[in-house]
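Please open the model in your viewer and keep the selection panel at hand. The tour below goes from one selection to the next and says what is there.

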Amino acid sequence: MDYRQLRFARAMEFTIREINNSTDLLPGITLGYQIYDSCSDVQMAIKVALQCETGLDPVLNDTIFCSKSASAAVPAVLGDSASTPSVALARTLGVFGIPQVSHKSTCVCLSDKREYPTFLRTVPSDEHQAAAMAKMVKYFGWTWIGAVRSDTEYGNYGMAAFLKAAQEEGICVEYSEVYYRTDPRSKLERVANVIRKSTARVIVVFVHTGDLLLLLDELLREPSPPLQWIGSSWIINPEFLRYNICAGALGFGVPRSVIPGLREFLLDLSLAQVLKSPMLTEFWESSFGCSLKGSSKDVRECDGSEDIRALQNLYTDTSQLRITNLVYKATYAIARAIHGIICNKTQCDKTIKSSPWQVLNQLKRVNFTTKNGYQVNFDSNGDPAAVYELINWQFKKDGALDFVPVGSYDASKPRGQEFRMSSAISWMGGQTKMPVSVCSESCPPGTRKAVHKGRPICCYDCIPCAEGDISNITDSLYCLRCPPEFWPNTMQDSCLAKPVEFLSWDDTLAIILTVFSIIGAFMSVCVTAVFYKHRTSPIVRANNSELSFLLLFSLTLCFLCSLTFIGRPSEWSCMLRHTAFGITFVLCISCVLGKTIVVLMAFRATLPGSNVMKWFGPPQQRLSVFAFTLIQVIICVIWLKVSPPFPFKNLKYDKERIILECSLGSAIGFWAVLGYIGFLALLCFILAFLARKLPDNFNEAKFITFSMLIFCAVWITFIPAYVSSPGKFTVAVEIFAILASSFGLIICIFAPKCFIIVFRPEQNTKKYLMGKVPSKAL
């Protein structure tokens, strides 16, 4: 016998008695009732519906409140408990307009008012429960679940609502099995085997009590790995607490309540009352193992010594009044609807005949609070507000399972705030560690999901982000490209600003080049000092002292202009470094070229009848140097005017660094400047080469030839090195070329002279220079 269903029926009796004793609700009116047992069977439910419509063949008839109209015998029906019988009832009763208020039928389908216009309920629809379950599963991070349902309206509609909500939450279903208690055993065994072999550790179950009992018994025959059970309405059924394999189960149930006086009413049973009711007789005989009226020879006869208060079963247990309270609310709702028809503010008119349609219309408008403090009203679908407790099956100190509220769900709250946790949860098998149920582990930041073809979206591989891409959230579907001036960190979960590279003053290479630049400039100054001190000596006078001093000045500038290449490039430094380099080097080469021409012309001037030196005197030498330099100045001015060099962030050469460099602006301008320097250097080299064997003990043409050879070699080597060198090394190569060629000039041209002036003063004579004194090997 189902003791819970008996408790529901008795709760209705208690509520009607409370209403009949009330002076506020239906005063002077006695509310009657008929109790039928549908046995959770569709055919029986239809039969009961017809009996309600005709008023014939009652199973139990205490006090009948009915209308003797031709259309129906009762104004309203309370029930059924199960959804499938309720569907059958609603279809039949709806034809006659008889309102039906269920306390436990949760099928989503019953919210369809076009098909079930007279159906209402005090229990929330499974649509809300399914949404709450999906949010809970998502809350705990379970994305890989199994699903089992009864092959009934309750199971099919409930699971469909859950799967829809789960899909919206990104939850995947490994399997979805369906069965019914009347199916062949082989089907039940197959469902159990699917559960045992699955990789999902979480199982969502939308089943009726009888179906779940069969499934759990089958699983006990060959236990599966521990599962985290997520239950529907069965989660608050004490009958299942004996199954320890469900320890840690979670699910939503209607809130617990207290109904004052109900326990006393349930326990206030005498043998005389029991004998009047077939259901109470069955309950009494089943509970105490005795027979009333000696109806059975196999058991003892009940003698009246049986104590109902000593019983511990679902009938006497009022600690978990959940559905029972919904019966209480449904009964009051029907009474309120009838009250609204036949009563005014002061009294009731017993002569008013209320039709089922009138009761239905009043039911849709009821809005009141019960004596134990619960609000009762219905929305346009005939459903109440969805408020649940999150129930967790936890072990008590004595080792038995019990219901423990650990959270709540209120569908009326704003989106994202419906679900709330309030206390600790005991997980599957009584564990304290939350289980993990995923098809694939979460992809950490720095990776992205790559879904397996033909499998659910929850099954994927974690692919590292491509070079230059990041993902900064867990389970990212795609990677994001870092902005051009940023680059991923080693974990590829954030973009960091790329380091900016240029030849800075504190760089070791820059320090070395700066030292050599200063040394070169110092050498030029020292040579200038030596030449100035001995400016009247033959060796200084013989080598065109004016051009020598100008050459030393230009060499000093050449050494110093290399410093403009060091440091962060700016608009001014970019323009200065290239133009200063181009002009100072042309000035330098122009001086060397002038000295070379003077050497050649001086030899020709010694020939009889030659008058050529008058065309290459000091004024002409100055003019030639000025003219050669002016051409370079004009080239630089045009370059700066048309397309000058400018600071440029090179993002392409090195993907992990920003190379800050000076863009040439006009490449033609740069190569024109460099080409002009090369042209003068080549011309100087040719002229010096032709004059290298002219007589004199100190022929300057030989030294100019060596210096121009070094100069040309350096700059010819510089071009490919400049093009191929990365980042700051491009600048370093250019500085090296400037310093190397400058050192070549100062050493080849001035070192021999300074050696004679300082260390061989006896050779610093006019006779020696003219070759009239034999020279000694240096």
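Begin with the aromatic side chains, for this predicted model holds 25 aromatic pairs. Select Trp284 and Phe288, whose rings form a tilted pair with 4.7 Å from centre to centre and 50° between the planes. Both residues belong to helix H10 (residues 278–288), and because they are four residues apart there, about one helical turn separates them. In general, an α-helix has 3.6 residues a turn, so residues three or four places apart point the same way.

Now extend the selection to Tyr139, Phe140, Trp142, Phe252, Phe419 and Trp427, which ring pairs link with Tyr388 and Tyr409 into a cluster.

E15 and E16 pair in the antiparallel sense, and nine bridges run between them; as one point of reference, Ile391 has Pro405 in E16 as its bridge partner. Five residues lie between the strands of this hairpin, and there Gly399 takes a positive phi near 90°. Strand E16 is mostly covered, with seven of its 10 residues buried. E16 is also joined by three bridges to strand E17 (residues 419–421), again in an antiparallel run, and the bridge partner of Ser408 in E17 is Arg420.

Move on to an open sheet of three strands, in the order E24-E26-E25 and with mixed pairing. Its edge strands are E24 (500–501) and E25 (646–650), each of which pairs on one side only.

Then go to helix H1 (residues 3–20), whose 18 residues reach 26 Å from the first C-alpha to the last, close to the 26 Å expected at 1.5 Å a residue. At the start of H1, look for Asp2, where a side-chain oxygen comes to within 3.1 Å of the backbone nitrogen of Arg4. The helix is mostly covered, as 15 of the 18 residues of H1 are buried.

A further stop is Ala529 in helix H13 (residues 508–533). With a relative accessible area of 44%, Ala529 is partly exposed, because this value falls between the 20% and 50% cut-offs. Select Phe549 together with Ala529: the two are 20 residues apart in sequence and 9.8 Å apart in space, from C-alpha to C-alpha.

Finally, zoom out to the whole protein, in which there are 21 helices and 26 strands. Of its 778 residues, 52% count as buried, and the protein exposes about 36700 Å², of which carbon and sulfur atoms supply 59%. Among contacts between residues at least 6 apart in sequence, 67% join residues at least 24 apart.

Key:
Residues numbered from 1 in each chain as written. Predicted model: local features only at pLDDT ≥ 70, side-chain atom pairs only at ≥ 80, totals over all residues. Heavy atoms only, no water. Helix = DSSP H or I, 4+ residues; strand = E, 2+ residues; numbered from the N terminus. Buried < 20%, exposed > 50% of the residue type's maximum accessible area, 1.4 Å probe, protein only. Pairing = 2+ DSSP bridges. Expected span 1.5 Å × (residues − 1). Polar contact = N/O pair within 3.5 Å; in protein donor to acceptor, adjacent residues only side chain to side chain. Contact = heavy atoms within 4.5 Å. Areas by Shrake-Rupley, 256 points an atom, 1.4 Å probe, with all protein chains shown as cover. Phe/Tyr/Trp six-rings, centres within 6.5 Å; stacked < 30°, edge-to-face > 60°.
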